[in-house]
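Have the model open as you read.

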Amino acid sequence: MLALEKYIASCGLDHKFVHLLKLRASQINGCAFCIDMHSIDARAEGESEQRLYALNAWRETPFFTDRERAGLAWIEAVTLVSQSHVPDEVFAEAQQHFSDREISDLTFIASTINAWNRLAIASRTPPGTYKRT
C-alpha cells in the first residue's frame, strides 16, 4: 500500500487533483477519517473551500474542468465497480482527457483509496486525529 502511495505521489498527476479524487471515493465509502484527511491535504495543496464543499455534487456545479469531471467519474465508477462495472461511456470520456498510463494511475488511486477506506472503517480510525506531516 505504501509503495502504491509513493508511486501515486510521483506519477505526474496534480497532487491537489489526487486529493480530490481520494476525497470523492471516501465520501462514497463513508470513511470519515479519510474524508477529514483528504480535505485537509487538498486545502494544503491550495484547493478552494467552494470546490471541497461542492465535491459531493460535482456534476451539478460549474467548478470543475472537463478533465476533472472525467477523473471524478472514473473514480466513482471504479469505487462502485460491483454495482455498474465501469461503464463504456465513462471509459470513453476518460480516454478523451487522459493517456492510457494516466487511466491506469487513476485506477491505482481508486484501488488504493478504496483499500485505505476499508482499513480505516474496519479499524474504527477516528476522524479528527489526522495530522498533516
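This is a predicted model: local features need pLDDT of at least 70, side-chain atom pairs count only at pLDDT 80 or more; totals for chains, interfaces and linings use all residues.

**Helix packing and the main pocket**

Residues are numbered from 1 along each chain as its sequence is written, and side-chain values use heavy atoms, with hydrogens and water left out.

**α7 against α8**
- Helix α7 covers residues 88-97 and packs on α8 at about 125°, axes 8 Å apart (axes are lines fitted to C-alpha atoms over the stretch in contact, and angles run from 0 to 180 degrees between N-to-C directions).
- That makes α7 oblique to α8 (under 35 degrees is roughly parallel, over 145 roughly antiparallel, 65 to 115 roughly perpendicular, and the rest oblique).
- F91, A94, Q95 and H97 of α7 touch D100, E102 and I103 of α8 (contact means heavy atoms within 4.5 Å).

**α2 against α8**
- Here the angle is about 45°, and the axes of α2 and α8 are 9 Å apart.
- So α2 is oblique to α8 too, and α2 passes α8 in a right-handed crossing.
- On the α2 side the contact includes F17, V18 and L21, and on the α8 side it includes L106, I109 and I113.
- By class, this contact of α2 with α8 has eight nonpolar, four polar and two charged residues (Ala, Val, Leu, Ile, Met, Phe, Trp, Tyr, Cys and Pro count as nonpolar, Asp, Glu, Lys and Arg as charged, the others as polar).

**α1 against α8**
- The axes of α1 and α8 come within 10 Å and cross at roughly 140°, in a left-handed crossing.
- L2, L4, E5, Y7 and I8 of α1 meet R101, D105, F108, I109, T112 and W116 of α8.

**The largest pocket**
- It holds about 470 Å³ of space (on a 1 Å grid, a pocket is an open set of points where a 1.4 Å probe fits, with protein on both sides within 12 Å along at least five of seven lines; lining residues have an atom within 4 Å of a point).
- Of the 22 lining residues, E5, H19, K22, H38 and D41 are the closest to the pocket's centre.
- α3 gives the most to the lining, with five residues (helices are DSSP runs of H or I, at least four residues, numbered from the N terminus).
- The lining divides into 12 nonpolar, five polar and five charged residues.

Methods
Grid points are joined across faces, edges and corners, and a volume is the space filled by probe spheres set on the points. Helices (H or I, at least four residues) and strands (E, at least two) are DSSP runs, numbered from the N terminus. A crossing is left-handed if the near helix is turned anticlockwise from the far one by less than a right angle, and right-handed if clockwise.
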